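Dear colleague,

Please find the structure below, handed over for your work.

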Amino acid sequence: MNVVRAVIAGATVWLLVISTFTVLAYLPMVGESSLAQSVIVICLMAVFSSAGAWIYYKDVSTDHGSRVGLLASATALLLDVLITVPFFEIPNGGGYVSFFTSPVLWTLVIINVLTFYMSGRRRASA
């Protein structure tokens, strides 16, 4: 497994997710509803994860997708610990516990891992 490429893929997915949440926060009607923002990001997560998987699998790699997806998700979670929570959540009244116990976060992680897994399977069978 190419660890550097998996970390880059995970950082890319994280950047797409955090950018989408940031843009949605400024849109009328959607900005006031964290539920609406979450639903939109959950719907887009497969697209974001596919972009990350494309970054990882753009060469002839046939690595096991679930391991790559777990490393990419771990990278995104580390970026959440270092950047998202201190700079976005805490200033808005949230914290580490509320962020990491959110079902939305873990739904995004599951979608991310599954998308990488399916991309790896598709790549291996091609």
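**Surface and overall fold**

The protein chain exposes about 7,200 Å², and carbon and sulfur atoms supply 72% of that area. Please note that this is a predicted model. Of the 126 residues of the chain, 37% count as buried.

The protein chain contains 5 helices and 0 strands, and its pattern along the sequence reads α-α-α-α-α. The radius of gyration is 15 Å, close to the 14 Å that the globule rule gives for 126 residues, so the chain is as compact as a globular protein of that length. Taken along the principal axes, the C-alpha atoms fill a box of roughly 45 × 25 × 20 Å. Among contacts between residues at least 6 apart in sequence, 72% join residues at least 24 apart.

**Helix H2**

Helix H2 covers residues 34-57, which makes 24 residues. From its first C-alpha to its last, H2 reaches 33 Å, close to the 34 Å expected at 1.5 Å a residue.

Which residues of H2 are buried? They are Gln 37, Ser 38, Val 41, Met 45, Phe 48, Ser 49, Gly 52, Ala 53, Ile 55, Tyr 56 and Tyr 57.

With kind regards

How values were computed: Residues numbered from 1 in each chain as written. Predicted model: local features only at pLDDT ≥ 70, side-chain atom pairs only at ≥ 80, totals over all residues. Heavy atoms only, no water. Helix = DSSP H or I, 4+ residues; strand = E, 2+ residues; numbered from the N terminus. Expected span 1.5 Å × (residues − 1). Buried < 20%, exposed > 50% of the residue type's maximum accessible area, 1.4 Å probe, protein only. Rg over C-alpha atoms; globule rule 2.2 N^0.38 Å. Contact = heavy atoms within 4.5 Å. Areas by Shrake-Rupley, 256 points an atom, 1.4 Å probe, with all protein chains shown as cover.
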